[in-house]
Amino acid sequence: MERDIGFWSGYLLCLCMFAVGTTVLIVGRKYYVVRPPQGSIITDAFKALWIMVVNRNMDAPKPTWQAENGSSRAVPWDDHFIDELKRALVACRVFAFYPVYWVVYGQFSSNFVTQAGQMNGHGIPNDLMQNFDPISIIVFIPLLETLVYPLLRRFRIRFRPITRISLGFVVASLAMMYAAIVQHLIYVAGPCYESPGCDLSIVDGQTQGNDIHIAIQTPAYMFIGMSEIFASVSGLEYAYTKAPPSMKSFVQSMYLLTNAFGSAIAEALTPAAFDPAIMWMFVGLACASFIAGIVFWLVFHHLNAQEDEMNALDAEDSEAPQDWHHEKKQDN
């Protein structure tokens with residue numbers, strides 16, 4: 001649409017999609033479970049974390065600990081809130097490796113688009129190729145849910161979240177390795193070889209790229225989509241199911257914070273994104289993601305055995321009073 005009609009048509013399409021989504025939210029609002037505002041959970045959680053760091057004691061923010069150690073400091077939470085926070089921190093440990101994954105994942109909307117522009121598009125806009133990421137997700141999720149996962153359960157193979165996340169890192173490394181191979185093929189193809197976009201590739205005022213078809217890039221996007229199913233989706237699942245009810249927003253915020261760190265690392269790698277060094281950047285990201293996936297499994301695979309136990313704790317907490325804010329309101 002952008003190529004044949006104009007930018008306005010592409011923006012109008014996006015506006016229409018948001019209008020449909022907004023309409024669904026408004027019309028279906030009575031069908032949603034809406035929890036009333038409970039107060040500043042995240043702010044209080046970080047205040048408690050700071051007290052833990054200053055005192056080098058996980059129990060330091062508890063009012064009972066404060067009283068036993070002669071502190072007159074008033075805190076707006078009870079001991080149960082700190083116990084839930086400690087459990088939430090256990091769930092957050094698995095997120096320490098995610099910045100590496102987000103650096104790799106972000107390539108599909110940045111350097112992959114640039115790479116596509118270095119190839120012969122044959123009428124396909126280079127930024128259209130990234131649509132193969134969501135397409136692969138739409139295709140592979142039903143296949144996994146209807147074929148792969150039931151088959152694994154039939155053979156009593158437990159495909160736990162930690163294992164899925166580790167596999168996601170490994171698949172992401174395959175995407176980077178494939179991107180490095182594609183970049184090599186671009187450099188060995190004429191007419192510009194290691195300088196894509198040179199004057200020799202300009203035809204009728206348009207840059208054609210090197211003589212390699214843009215469709216060869218498709219598997220890289222498919223690998224990224226598959227890695228997202230295993231790593232990103234499983235990470236969200238782990239963040240939600242392992243956090244106590246009152247800590248779910250805190251754990252989700254910590255999970256999303258890793259995305260910010262990944263973006264910062266990707267920004268630091270920007271100076272390496274030039275020809276021909278970008279090929280070796282892809283190789284480095286492939287190695288980093290593969291190693292991170294293996295180390296992640298070695299460090300956290302024992303949590304697979306605790307999966308049912310941790311889920312049972314979540315069920316018990318769901319039956320208990322929701323949080324200290326609610327109890328505080330009742331006391332008042």
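**View 1. Charges of the protein.** The mean positions of the 21 positive and 30 negative charges lie 9 Å apart. Lys and Arg count as positive, Asp and Glu as negative, while His and the chain ends are left out. Each charge is placed at NZ of Lys, CZ of Arg, CG of Asp or CD of Glu. The model is predicted: local features need pLDDT of at least 70, side-chain atom pairs need 80 or more, and totals for chains, interfaces and linings use all residues. Residues are numbered from 1 along each chain as its sequence is written, and side-chain values use heavy atoms, without hydrogens or water.

**View 2. The whole chain.** The protein has 14 helices and four strands. These are DSSP runs numbered from the N terminus: helices are H or I with at least four residues, strands are E with at least two. The C-alpha trace spans about 80 × 50 × 45 Å along its principal axes. Of the 332 residues, 39% are buried. Buried means under 20% relative accessible area, exposed over 50%, and partly exposed in between (1.4 Å probe, protein chains only). Take the contacts with a separation of 6 or more: residues 24 or more positions apart account for 80% of them. A contact means heavy atoms within 4.5 Å.

**View 3. Helix 11, residues 277-300.** This helix has 24 residues, and its end C-alpha atoms are 34 Å apart. Buried residues of helix 11 include Ile278, Met281, Phe282, Leu285 and Phe296. The buried residues of the helix pack against helix 5 (98-105), helix 6 (111-117), helix 8 (161-187) and helix 12 (302-305).

**View 4. Glutamine 107.** Glutamine 107 sits in the loop between helix 5 and helix 6. It is buried, with a relative accessible area of 3%. Its side chain makes a polar contact of 2.6 Å with the side chain of asparagine 111. A polar contact is a pair of N or O atoms within 3.5 Å; within protein, one must be able to donate a hydrogen and the other to accept it, and residues adjacent in sequence count only if both atoms are side-chain atoms. Leaving out residues up to four places away in sequence, glutamine 107 touches Phe112, Met176, Met281, Phe282 and Leu285.

**View 5. Alanine 116.** Alanine 116 belongs to helix 6. This residue is buried, with a relative accessible area of 2%. Beyond its neighbours within four places in sequence, alanine 116 contacts Asn126, Met129, Ile214 and Gln217.

Notes: Expected span 1.5 Å × (residues − 1).
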